[in-house]
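User: Walk me through the charged side-chain pairs here, please. I'd like a close look at where they sit, and then at what packs around in the rest of the fold.

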Amino acid sequence: MVDSGLIIFSDLDGTLLDHHDYSHAAALPALEVLRRNNIPLVLASSKTPSEMAPLRAEFGFSHCPAIVENGAGVLAANAPDIASSGSYEKLLTQLEDLPKALRMHFVGFSQMTVAEIATSTGLSHEGAVRAKERCFSEPGTWHGDDAQLKTFLAVLSEQDIFAKQGGRFLTISFGGSKAARMAEIITMMQDETGKKPVSIALGDAPNDLEMLQAANHGVIILNPAHAGIPKLPEEDCGQITRSIQPGPIGWNEAVLNHVSHYSH
């Protein structure tokens with residue numbers, strides 16, 4: 001990484017990528033400004049390492065680490081993948097040991113075919129294959145009622161399994177968060193440069209909340225496709241703001257505004 005004094009952490013789906021077609025075309029001007037000014041962009045998403053690596057390269061930020069599977073792991077700079085730790089296999093085993101009356105209501109990616117994942121996400125066949133190659137976490141859809149979900153989450157918690165709601169899926173894992181990984185990366189950058197960078201985080205869904213609150217500046221990106229994030233106390237003091245435009249359009253405006261502010 002370089003000593004820019006600024007570091008951007010960004011969610012992908014519904015934020016830097018359009019919720020419906022996954023396009024980032026509207027964000028190209030801001031991405032070019034980041035590259036030109038050597039400002040690190042750390043992608044932070046529920047996506048797998050095999051999904052993240054080609055996206056990171058396409059954006060021109062392979063030299064930056066990436067936070068994968070909702071903070072369950074970090075893809076190192078310039079690394080093509082992460083070696084399996086056995087965490088995902090253990091997670092699936094514990095899922096299958098849950099009471100059938102609860103387990104039956106959660107349909108995870110491990111139970112879906114590549115075609116079913118492509119249909120439910122809007123990804124291409126190749127993208128769905130990568131989404132199924134998981135290392136740490138299991139996204140899925142809940143088909144029970146709210147009371148059953150509450151019980152399901154409580155039983156998971158007893159086994160030290162955590163659940164996070166994203167824009168599309170409920171994702172379970174043994175823990176780790178975007179905010180915790182963000183703190184680790186900031187510390188690493190501070191060790192490299194000798195000063196703590198100013199952090200800007202952007203996201204659209206509840207699983208981005210901790211990251212937004214932990215950053216120096218958080219931006220909630222409008223996503224009309226879901227309920228989004230409720231009003232936060234940090235908005236009153238201006239630490240967290242909201243985009244007016246959705247997805248990559250709002251992302252582009254927010255990033256350009258922050259970079260412009262810190263360039264003066």
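Analyst: A salt bridge here is a side-chain nitrogen of Lys or Arg within 4 Å of a carboxyl oxygen of Asp or Glu. This is a predicted model, so local features need pLDDT of at least 70 and side-chain atom pairs pLDDT 80 or more, while totals for chains, interfaces and linings use all residues. Residues are numbered from 1 along each chain as its sequence is written, and side-chain values use heavy atoms, with hydrogens and water left out.

The structure has 12 salt bridges. One of them pairs arginine 134 with glutamate 69, the closest N and O atoms lying 3.9 Å apart. It ties together distant parts of the chain, 65 residues apart: arginine 134 is in the loop between H6 and strand E6 (138–142), and glutamate 69 is in the loop between strand E3 (66–68) and strand E4 (73–75). (Helices, H or I, of at least four residues and strands, E, of at least two are DSSP runs, numbered from the N terminus.) Both arginine 134 and glutamate 69 are buried, where buried means under 20% relative accessible area, exposed over 50% and partly exposed in between, using a 1.4 Å probe and protein chains only.

Another pair is glutamate 51 with lysine 47, again with the closest N and O atoms 3.9 Å apart. Glutamate 51 is buried at 9% relative accessible area, and lysine 47 is buried at 5%. Out on the exposed side, lysine 231 and aspartate 236 meet in a salt bridge of 2.7 Å, N to O. There's also a network of salt bridges linking Asp11, Lys178 and Asp208.

Now for the packing. In general, nonpolar side chains of soluble globular proteins tend to be buried together. Leaving out residues up to four places away in sequence, leucine 34 touches Ile8, Ile39, Leu41, Phe61, Trp251, Val255 and Val259; contact means heavy atoms within 4.5 Å.
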